[in-house]
Amino acid sequence: MRQSSELRDEYAALTRQRIVAAFVESLEDEAADDVSMADVARRARVAERTIYRHFKTRAELLTAAGEWIEDNVFGYIPFTSPDELPAIFRKLCRSFDRHPHLARAIALTRAGRTMRAGFRRRLIEQHRKAMAPLTRHLKPKEVRQAEALASYLNNVLAWSALREDFGMSSAEIADAIEWALSTLLKDVRRRDAAAARLSSDKGGRSKRKRTAAAKAPA
């Protein structure tokens with residue numbers, strides 16, 4: 001009995017995986033917003049009602065597809081310093097080139113935004129942590145701008161825009177993004193150093209004023 005239950009669970013997991021893989025395969029052929037459940041069922045070789053037994057809504061399927069893509073196609077590459085981002089983006093560009101229709105669907109469709117929502121939240125948080133040592137003395141507005149720009153440049157949207165609007169190759173896109181990121185990080189470091197010096201100067205002047213006040217005759 002227990003063995004029978006385990007087999008059913010294994011079969012259900014395999015069916016679920018086959019449905020997700022079929023949906024992702026459909027994205028390679030057509031716009032994500034136009035993929036029908038009937039087409040997914042045909043590709044997965046299951047009845048359409050079987051899809052809804054595993055995924056109650058289209059949104060659930062999109063979320064599962066996003067996780068599958070992250071694990072199997074455009075995997076997350078961990079980093080601890082923003083200086084690592086140009087090399088990471090160069091690797092991602094090669095992945096996007098291998099699956100251009102899928103990358104475009106993720107970047108430009110409503111379904112794509114849903115699929116990558118969780119991934120983007122985690123990636124933005126990772127950018128925030130990586131940028132923190134560089135922005136210790138900046139104002140909150142500047143910190144937010146620096147984090148946002150670094151995150152946007154390390155993004156499938158940047159690849160898609162440069163590819164479609166300017167006809168750039170993967171190598172050209174990677175070079176452009178590396179230039180932009182390097183320029184951004186150099187300026188962030190310059191601004192942070194200047195803010196640190198200003199803060200130190202203000203602290204020194206305040207200390208001297210307090211010392212002078214303490215020495216002044218009553």
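A crossing of two helices is called left-handed if the near helix is turned anticlockwise from the far one by less than a right angle, and right-handed if clockwise. The structure to be toured is a predicted model, in which local features need pLDDT of at least 70 and side-chain atom pairs count only at pLDDT 80 or more, while totals for chains, interfaces and linings use all residues. Residues are numbered from 1 along each chain as its sequence is written, and side-chain values use heavy atoms, with hydrogens and water left out.

**The whole chain**

Begin with the protein chain in a cartoon view. Its secondary structure consists of eleven helices and zero strands; helices (H or I, at least four residues) and strands (E, at least two) are DSSP runs, numbered from the N terminus. Next, colour by accessibility: of the 218 residues, 38% count as buried, where buried means under 20% relative accessible area, exposed over 50% and partly exposed in between, with a 1.4 Å probe and protein chains only. The chain exposes about 13300 Å², of which carbon and sulfur atoms supply 54%; these areas come from the Shrake-Rupley method with a 1.4 Å probe, and for residues only the protein chains shown count as cover. A contact means heavy atoms within 4.5 Å. Among contacts between residues at least 6 apart in sequence, 71% join residues at least 24 apart.

**First stop: helices α6 and α10**

Select residues 100-108, which form helix α6, and residues 156-166, which form helix α10. The two helices pack at an angle of about 115 degrees, and their axes are 9 Å apart. Axes are lines fitted to C-alpha atoms, for helices over the stretch in contact, and angles run from 0 to 180 degrees between N-to-C directions. Angles under 35 degrees count as roughly parallel, over 145 as roughly antiparallel, 65 to 115 as roughly perpendicular and the rest as oblique. Helices α6 and α10 are therefore roughly perpendicular to each other, and their crossing is left-handed. To display the contact, show Pro 100, Ala 103, Arg 104, Ile 106, Ala 107 and Leu 108 of α6 together with Val 156, Leu 157, Trp 159, Ser 160, Arg 163 and Glu 164 of α10.

**Second stop: the aromatic rings**

Rings of Phe, Tyr and Trp (its six-membered ring) pair if their centres lie within 6.5 Å; planes under 30 degrees apart count as stacked, over 60 as edge-to-face and the rest as tilted. By this rule there are two aromatic pairs. In one of them, the rings of Phe 74 and Phe 96 have their centres 5.1 Å apart and their planes at 75 degrees, so the pair is edge-to-face. Phe 74 lies in the loop between α4 (58-72) and α5 (85-98) and Phe 96 in helix α5, so this pair ties together parts that are 22 residues apart in sequence. The rings of Phe 96 and Trp 159 have their centres 5.3 Å apart and their planes at 55 degrees, so that pair is tilted. It links Phe 96 in α5 to Trp 159 in α10, 63 residues apart.

Are these residues buried or exposed? Phe 74 is buried at 9% relative accessibility, Phe 96 at 5% and Trp 159 at 1%.

Now centre the view on Phe 74. Apart from neighbours within four places in sequence, Phe 74 is in contact with Ile 69, Ser 95, Phe 96, His 99, Leu 102, Ala 103 and Ile 106. For His 99, 25 residues away in sequence, the C-alpha to C-alpha distance from Phe 74 is 9.2 Å.

Move to helix α8 (residues 117-131) and helix α9 (residues 140-153), which pack at an angle of about 125 degrees with axes 9 Å apart. That angle makes α8 oblique to α9. The crossing of these helices is right-handed. Their contact is made by Arg 120, Ile 124, His 127, Arg 128 and Met 131 of α8 and Ala 146, Glu 147, Ala 150 and Ser 151 of α9.

In the loop between α8 and α9, select Leu 134, which counts as buried at 10% relative accessibility. Not counting residues up to four places away in sequence, Leu 134 touches Pro 82, Leu 185, Val 188, Arg 189 and Asp 192.

**Last stop: Met 37**

Finish at Met 37 in helix α2 (residues 37-44), which is buried at 8% relative accessibility. Beyond its neighbours within four places in sequence, Met 37 is in contact with Phe 23, Glu 48, Ile 51, Tyr 52, Arg 58 and Leu 61.
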